[in-house]
Amino acid sequence: MNNTPRSLASTLYSVGLLLIAMASIQSGASLAKTMFPVVGAQGTTTLRLIFASLIMLVLLRPWRAKLNAQSLRTVIVYGIALGGMNFLFYMSLRTVPLGIAVALEFTGPLAVAIYASRRAIDFLWIALAAFGLLLLIPTGATTAGIDLVGAGYALGAGVCWALYILFGQKAGADNGVQTAALGVMIAALVVAPIGIVHAGAALLTPSLIPVAIGVALLSTALPYTLEMVALTRLPTRTFGTLMSVEPAIGALSGLLFLQEYLTFSQWMAILCIILASVGATMTMGNAARPAVAAD
């Protein structure tokens, strides 16, 4: 008789952890955007990944991972995809509001979820997501459209997110959570030269170090840890459905911390992409939706 209350409490606890994780990720993105005037998106990505790799190096001790030639190749591709996802997402934030950038990036995992199901109803979710994207395209009658270059960066981040999911699953099957640390370290090695060339000595600005550590904690260490706990307690479908609201959390974070006000059509675009993701998750049958952290 006590199993139901205990199960409900465990579910609510896990949902709370997941909501905190998503809020943490988007708050970290808002904080990261404040660093752009000093080191640019390139330098910000570099600092985030360097400090995140140091934190995860201590927490997850990735040197214990056992890699063969095949798993090493998988981890390298996973790390490159992770670095590209972070880099392109931050590049998009230079000209695109946070909530819209998250929604555009979310088309990556949405495509993976739809591909995993391949049911007739998935055409509805594809159409809904496409309609949401159309709402974001500038037209001659309005100036409310988004910057197309920034949107391209966000969509590119979505492609990297899809690769991150596919290769992350393979890499994680071999070495579990240590894969995340290895991936972040490889991502830092890939992105660091770009950030160093762009920002140079500005990366060593003392006032930036606490902010960069905060971004690394909020965007990587804390949410990844909370999501790992939630994943062990929630069904995959429930996890995927909850993750689908992340674009809305990103939009609210941008509004609260960055004063990024969106138009009605932009909010509708975000809603369409969220509904498409929720629908794809709920109708995917027994296929497992990849459950991964966002940026």
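Bear in mind that the model is predicted.

Start with the fold. The chain has 12 helices and 0 strands. Read along the sequence, the pattern is α-α-α-α-α-α-α-α-α-α-α-α.

Now packing. The chain has 295 residues, and 52% of them count as buried. Take the contacts between residues at least 6 apart in sequence: 88% of these join residues at least 24 apart. The accessible surface comes to about 13200 Å². Carbon and sulfur atoms hold 71% of that surface.

Next, the surface patch. Which residues form the nonpolar patch? They are Leu72, Ile76, Ile80 and Val190. Together they have about 300 Å² of accessible area. Helix 3, residues 69-92, gives the most to this patch, with 3 residues. Valine 190 sits in helix 8, which covers residues 178-199. How exposed is valine 190? Its relative accessible area is 37%, so valine 190 counts as partly exposed.

Last, a backbone point. Glutamine 259 has a phi near 55 degrees. That is a positive value in a residue other than glycine. Where is glutamine 259 found? It lies in the loop between helix 11 (246-258) and helix 12 (264-282). Its relative accessibility is 48%, so glutamine 259 is partly exposed. The reason is the cut-off: exposed means over 50%, and buried means under 20%.

That is the tour; over to you for discussion.

Key
Residues numbered from 1 in each chain as written. Predicted model: local features only at pLDDT ≥ 70, side-chain atom pairs only at ≥ 80, totals over all residues. Heavy atoms only, no water. Patch = residues over 30% accessible without salt bridge, like charges linked within 9 Å, V, L, I, M, F, W, Y side chains within 5 Å. Areas by Shrake-Rupley, 256 points an atom, 1.4 Å probe, with all protein chains shown as cover. Salt bridge = Lys/Arg side-chain N within 4 Å of Asp/Glu carboxyl O. Helix = DSSP H or I, 4+ residues; strand = E, 2+ residues; numbered from the N terminus. Buried < 20%, exposed > 50% of the residue type's maximum accessible area, 1.4 Å probe, protein only. Contact = heavy atoms within 4.5 Å.
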